[in-house]
Structures are given as C-alpha cells and as structure tokens.
Amino acid sequence: MIRSFLRLPLAMLAGALAPAVCAGTASVDPRIDHLLTELGKVRAVHAVQLSPDGRQLAWVVDTAGKPAIMLAGADGRGAHRLNTRDQPGRCSESDIAWAPDSRHLAFLTDCPSVGAKPGQKDLVLVDAAGKAVPARLAALHGYAHDLAWSADGTRLAFLYVEGATRAASAVAAAKPAAGEVGVDGLEVQRIATVPAAGGAVQLLTPAASYVYEFSWSPDSRRLAYVAAPAPGDNNWWIAKLYAQDARADAAPRALVDTRTVTGPLHGLQMALPRWSPDGSRIVFIGGLMSDQGATGGDLYAVPSAGGTVTALTPGTKVTPVWFAWTGADRLLVAQIRNGRSEVAPYAIDATHATAQAPLFTADASLGDGSAAMGLSLSADHATVAYAQSSYAQAPEVHAGALGTTAPPAVTAINAALKPSWGQAESVEWDNEGRHVQGWLLYPANYDKHRSYPMIVMVHGGPASAVLPRWPSVGFGGVPFSPLGYFVFMPNPRGSYGQGEDYVQANRKDFGHGDLRDILAGVDTIEKKLPVDDHRLGLTGWSYGGFMSMFAPTQTQRFRAVVAGAGIANWQSYYGQNLIDQWMTPFFGASVYDDPAVYAKSSAINFIKQVKTPMLIVVGDRDAECPAPQSFEMWHALRAQGVPTSLVVYPNEGHHFVDPAHQRDVLQRALLWFGKYLPAGS
C-alpha cells in the first residue's frame, strides 16, 4: 500500500502548476543548499554478501554515481574494486551472490565490456581469486533481480520479467495508461534459472503467475514461492504460497491460501518462505503488511507437501522481519522491538518458535540488501555481515562473529561524514492502554533556554516503523534538525515493533487512534522540553502523506503541513489506484460493501475544518497514491481559502528516482516550514 522503508526523493520540477506542473525551482536558501549538498555526499551501500566459508566479503556501494562491487577479506582488509576493466561510474553492478564454492561471485551488470547492449543487463560470473574479467552467463532482455544459487551449485535462479519496460515494483513509475487496462501490456515476473556454466535462460514458473519471492529447497530439487495472478503490482495482498519441482514443466502446488485458511493468518499477507534443513516444512512470515518487501508479522509453518498451517509465535510482542534456519531446531531472527533493531535466536519445534535472549540490539537500521533487515551468514552460521546506519553514523559494512556483541564496521566508506543534526532520543509514552514509542531529534546546537518549533514526521505504511538511519537527499524528517527544529518521528498503533496486535490496532480506524497516539506523544515531549506548541508542523509521505492531509481536519494544533504522495479521499482513491487489493485487509471490506468505514477516514469529508497552510507534492505516475488525490485536496483547500501549493513531478512514481527531483522536494518542504514555522522566532 503506502510504503515506508523509503528513501523518498525530490527535485526540481517546474513550479506552479496550472494546477500542476510549473516552471522553475524552489528558490534557494544558502543554509538549505549547504545542507542538501552535505546530504548528497553519503555513499549508499546497496548489498553485502559474505562468502559461504566466511572468509570473503563482497558489497555494492555507490562509486562515481553508479553502484559498483568491492571485494575484501571478511575483516574488510584488502578491499578493492572488482576487476571489470571499466572506469568507475561508467556502468552499474548489482545483485551479488556467492557460489557455494566461495570462490565465484555472480552478479548483474550493464557494463558494455561484457557484451551488454544499451538497456540490457547481463548475468555474469567472476572468479574472485583470479584476474580474469567476468564471464557472461546469459544476456537478459528484461528486468532481473534476487540471484540465488542452488545448494549444489549447478544453477542460478532469479526473478525475471522478460521484455520488461519498468522495474517490477508498485513503487516504480507506472506505465502510461493505454489499451485495455489490466489486460494489455501485462508484465509478469517469473522464476528463471541459468546453468552455472552459462546457457539459455529457462523460465520455471507458470506464465500466468506473478512471483514475488522464492527460495531453493536444501536438495536443490524444489522451489517455494509466493505468487498471484497478474497484474503483480496489485495482487500481492492475495498471493498464495506454492511449492514445485525446479523444472519448467512442473505443476505448482498451492500450500497456503490466506483467503481460505482459518486462524490468525486468515486474510493477511505472506513473505520470506524458507525450507527447513530436512526439506519437510516451510516457515514464513505472515501478518498485516502494507507492501511487498516491507515485511513484518508472526512466524508460521506448513508441511512442504501441504497440510495444516501452524502459528509459531502467537502473542509475541516484537515484530519478526527476517529469519534464517541455523539448525534443525534453530532460527536466527532479525526483528523490531520498540523502534530498535534486534537479532535473536529462536528455538523451533513442531508447534512453536520460542525467542531466546537477544544476541544484540542496535539503535540503527541494518540489512544485507536481499530483504528488509536481512543478514548474510556463513554456511556454518558463525559469521555475519550486513550494512548498518544510524542517526550517529553513516552507512558502513559490518562483519564479524555472530555472538552477543554486534559486529564492528569493517569499512570506512562514509567515515568522514558527521551529523549536522542534534542528538537522537527514544521517547516512550502510554495512551489508551497501549505503550507507544517514537524517535526525537533535538535541534542542532540545542539551547535549553530557548523554545523551538517541532516537525512531526509520520512514517509510511501504516505497517512499518521508524528505525534510526542516516538520511540521504530526499524527503525525510532528519534534515529539519540542522535548521533549528525538533523532529518527532512516532511509531503509533499500526506500526511494527510491538507485535501483531499492535499492527492491527488501526484497522478500520485510519487517522483516528493513531493520531491520538501521536498527539499524546507530542504532549509528552512538550512537558519536558521547550517545544513551542504554536509552532508545530506535520509532514509525511504515503501513509504519512494521508495523515498529513487528514490530521488538520481533526485538530488545529499543526500550523503548517507538507503532504507527500497523500490520500485525500479513500472513496475516490479506491477507484483510482492500481493496488486496490491491499484495502480490504485494512478496511475490512471493499468501499462498495462498506463505504462508511472509508468515509470516516477521508479528509475531504471534513475539509471545512482545515485552516492549516499545506504544501502538496506528488509524482505524476504514482501507482500507489495517484496524483488525482493530491489534486483533490489542493482544489478543496483552495476553495476554502486555505494557503496551499501543489507540485507535481513528471515521470516519477511513488519513489522518486530523478536526483534533481529528490533535491527539490526536500528543499520545498524546508522552505515551506521556514515560511510558516520559522525556527528563529
């Protein structure tokens, strides 16, 4: 639905719309220009992979503006760029995967030196111990990602959209509407394989099934995957879990259909299917999830031959996000607890997965790039690697022994970068019988004798969470702190981090209970810190954009708003967006069966209450939160005489990709709050 493990960008569009596109850029404040320049210096770490023998590391890092592969020992020593004989910044490398032999590394590249044509990526293999340039295994005429070796090392599998015209993601810019909608031009993502020695691409899964994620069985003979009928952007919320033999003519067997299963999984979503070491069952994460890839929920198990689904972690008060089998009766789980990242072992038997004492907790975001909070483990599970960032430290690769101490950083990619924002603090409070948590950034150069404005930043989702992370150029709350604002980033009901009951607490109640949680958090902060209640601002993207539009219809406490990719009217949204399947799990029924539940959370129905100046920004090809929703809110505010501005960014989807747009949208937000909530007052 409305995503949140985001890095939401912005840019230079053209200014004042007739209602929408305009000419020109937001005027430049020198302080903002300097801040954006500094944010632009961070080099993102996109993926980290530890070799199965635990001796080598590979990672993908922005280099001269393009993702490039680095190789090193497991301790980070001897780091060097992969030998491709191409100049840095000439081409992109991604999707690294070590072969079981710990010597060969597969990846995707558009580097012309290995034979790629314009717009084409090749699957290539390199001997990490040799000096030869990568050898092409297959030319890929489409979109590919998520490389995974079979355990016997004979084949590479990956997700593949043959002939793709766009990235396979609901957050990518939607294709321009043309032809018969939902019929013409469908692009289907399937599991494909290529022999380790190279050869033809073989598509294994049915042409009618859109596959979202998969895993190999331990014997390399079967595949488990989550799939639904096309169009893929829309149907992940009704996807089933399948297993089939790893050959093209194999018939898939549906193991779990959440629409018919009984118990707590009914009507929810599934992710991360993983085979047990003996291949007898498949464990997965099930829960109320906003987007494919933004995983969180409880652990479930089903026999790999089919049978009864077992809830393994009922009533847990944390949110498992990623896991791996580390033995016949052991799992390693990366989870969220109260806004923090946690890694914990679980004991698993036939009916339960029981959390043990956490190995370590981090006030940071971590992940290996393969999945949310993914960890790269050696084959013996003794060593771990991942990328980590926080409010205090920019992204680095961390690696070392898997134990009770978090592994150290083994790179210094961004070591020269220092925070320009104030200190971070976890804030906790109680409201309506629930414990709530959020993150607070102090203003830079904080002086307790002064009063300050505060910006409340609501995360997307709503099934997601704010975790500490270093910001990049793009839409986000952190950049307000250097300009003299408190920044409050709450995890209200509906968020990950306190168990599935907490996630589901805002079903059929968008904008009401979660807003009360947020306002109670604001009250908690104001009781102990010098926040000026007359200078409160509100912002967010996606679900946060909806909250930014809706909250001013319920309270007058916010004096300025910036709404990114928001939703003004759930009733009209239901018929406009390209991902309507997510709505029934969250609203309990379609808009046609229960219009009232949608109406009570629609800002447009309370528009007469709004007095707050509002900047509205959106991409013109957003499939998740379509631009007409922003037009509807802008038009209504203008009719009420409320100060407003609408900026539409061309050729952008739910996640902006144009660096100029990424910069411009943040700049406009900073200027908007600077106008209505000046930090120096």
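**Exercise 1. Identify which cysteines form a disulfide and describe the link.**

Solution. Cysteine 91 and cysteine 111 form a disulfide, with their sulfur atoms 2.0 Å apart; the criterion is a pair of cysteine sulfur atoms within 2.5 Å. The model is predicted, so local features need pLDDT of at least 70 and side-chain atom pairs count only at pLDDT 80 or more, while totals for chains, interfaces and linings use all residues. Residues are numbered from 1 along each chain as its sequence is written, and side-chain values use heavy atoms, with hydrogens and water left out.

Next, the handedness: the link of cysteine 91 and cysteine 111 is right-handed, with 80° about the S-S bond. Cysteine 91 lies in the loop between β4 (80–81) and β5 (93–98) and cysteine 111 in the loop between β6 (104–109) and β7 (121–127), so the pair ties together parts that are 20 residues apart in sequence. Strands here are DSSP runs (E, at least two residues) and helices likewise (H or I, at least four), numbered from the N terminus.

**Exercise 2. Determine whether cysteine 91 is buried or exposed.**

Solution. Buried means under 20% relative accessible area, exposed over 50%, partly exposed in between (1.4 Å probe, protein chains only). Cysteine 91 has a relative accessible area of 3%, so this residue is buried.
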